[in-house]
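These are my notebook entries on one protein model. I wrote down each point as I looked it up.

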Amino acid sequence: EAGLEVKHIEGVEPDPSVETVMNGAKVMREFGPDWIVSIGGGSPIDAAKAMWIFYEHPDITFEDVKKPFTVPELRHKAKFVAIPSTSGTGTEVTAFSVITDYKTEIKYPLADFNLTPDIAIVDPALAQTMPQKLTAHTGMDALTHAIEAYVAALRSSFTDPLAIKAIVMVHKYLIKSYNGDKEARNEMHIAQCLAGMAFS
């Protein structure tokens with residue numbers, strides 16, 4: 001309706017690969033977006049974050065950004081929107097993107113504040129259709145992030161309240177969410193975002 005040109009990049013696998021990232025970045029370079037809108041679970045959003053790096057900086061390699069805080073400045077070509085449809089990773093508010101190099105069988109957490117999305121749309125309605133197994137797995141992911149944030153060496157008076165609130169919410173709502181309670185699903189979607197904010 002707004003007359004926007006849109007290009008879809010689909011087919012991101014769980015634990016996205018370096019090859020998937022590079023292929024997506026190539027599509028982005030051909031299309032030339034000024035906004036990247038990623039929707040899905042942690043894998044599609046993480047993949048889109050990494051694609052963004054190589055869209056903006058086509059001359060660098062994956063090797064150049066594997067070490068923490070080595071991502072060059074972004075937002076010269078595009079800004080980034082993240083819309084999570086699962087309740088676990090919190091990647092919509094974090095400075096991380098986990099990409100797997102299947103040649104070495106190593107998962108690399110790309111870490112840089114440049115990777116934090118410009119906009120996060122956290123709509124609990126998108127998580128209502130998660131199957132039970134995914135609800136359980138992503139819920140435990142959120143709990144892990146919250147606990148990690150609370151015991152981290154770099155924890156602070158700003159992160160502790162977020163981590164504690166997320167832990168309390170997961171304890172209260174995860175089993176109910178697993179059993180299909182809609183309000184609990186809503187609360188888990190918020191809890192995972194708080195956990196992401198706490199550890200990022």
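This is a predicted model: local features need pLDDT of at least 70, side-chain atom pairs count only at pLDDT 80 or more; totals for chains, interfaces and linings use all residues.

**Entry 1: the two domains**

How much area is buried between domain 1 and domain 2, and what part of it do carbon and sulfur atoms give? I then looked up the division of the protein, which gives domain 1 as residues 18-120 and domain 2 as residues 124-199. The C-alpha centres of the two domains lie 23 Å apart.

The size of an interface is often given as the accessible area lost when the parts come together. For domain 1 and domain 2 I found a buried area of about 1,100 Å². Carbon and sulfur atoms give 60% of this area. By class, the side of domain 1 that touches domain 2 has 5 nonpolar, 7 polar and 1 charged residues.

I next looked up the contacts. I noted 13 residues of domain 1 in contact with 16 residues of domain 2. Which kinds of polar pairing cross this interface? I recorded 7 residue pairs in polar contact, while the count of salt bridges between the two domains is 0.

**Entry 2: salt bridges**

Side chains of opposite charge can pair when their charged atoms come close. How many salt bridges does the rule count? The count comes to 5, and I looked up several of them.

I took Glu-30 and Lys-26 to begin with. Their closest N and O atoms are 2.7 Å apart, and the two residues form a salt bridge. Both belong to helix 1 (residues 18-31), and because they are 4 residues apart there, about one helical turn separates them. Glu-30 is exposed at 58% relative accessibility, whereas Lys-26 is partly exposed at 44%.

I then turned to Arg-155 and Asp-160, whose side chains meet in a salt bridge with an N to O distance of 2.8 Å. Are these two residues buried, partly exposed or exposed? Arg-155 has a relative accessible area of 38% and is partly exposed. Asp-160 has 14% and is therefore buried, as the limit for that class is under 20%.

A further salt bridge joins Arg-75 to Asp-118, with the closest N and O atoms 2.6 Å apart. Arg-75 lies in the loop between helix 3 and strand 2, and Asp-118 in the loop between strand 4 and strand 5 (119-120), so the pair ties together parts that are 43 residues apart in sequence. I noted Asp-118 as partly exposed, at 33%.

**Entry 3: positive phi angles**

Most residues other than glycine have a negative phi. I therefore looked up residues that depart from this pattern.

Arg-75, already noted for its salt bridge with Asp-118, has a positive phi of about 80° although it is not a glycine. Its loop runs between helix 3 (62-65) and strand 2 (79-84). Arg-75 is partly exposed, at 27% relative accessibility.

Where does Glu-105 lie? Its place is in the loop between strand 3 (96-101) and strand 4 (106-111). Phi of Glu-105 is near 60°, which is again a positive value in a residue other than glycine. At 70% relative accessibility, Glu-105 is exposed.

Finally I looked up Ile-164, which lies in helix 5 (residues 159-178). Ile-164 is partly exposed, with a relative accessible area of 39%. The C-alpha atom of Ile-164 is separated by 43 Å from that of Glu-1, a residue 163 positions away along the chain.

Key. Residues are numbered from 1 along each chain as its sequence is written. Side-chain values use heavy atoms; hydrogens and water are left out. Domain bounds come from an automatic or database domain assignment. Contact means heavy atoms within 4.5 Å. Buried area is the accessible area (1.4 Å probe) that two parts lose on being put together, summed over both. A salt bridge is a side-chain nitrogen of Lys or Arg within 4 Å of a carboxyl oxygen of Asp or Glu. A polar contact is a pair of N or O atoms within 3.5 Å; within protein, one must be able to donate a hydrogen and the other to accept it, and residues adjacent in sequence count only if both atoms are side-chain atoms. Ala, Val, Leu, Ile, Met, Phe, Trp, Tyr, Cys and Pro count as nonpolar, Asp, Glu, Lys and Arg as charged, and the others, Gly among them, as polar. Helices (H or I, at least four residues) and strands (E, at least two) are DSSP runs, numbered from the N terminus. Buried means under 20% relative accessible area, exposed over 50%, partly exposed in between (1.4 Å probe, protein chains only).
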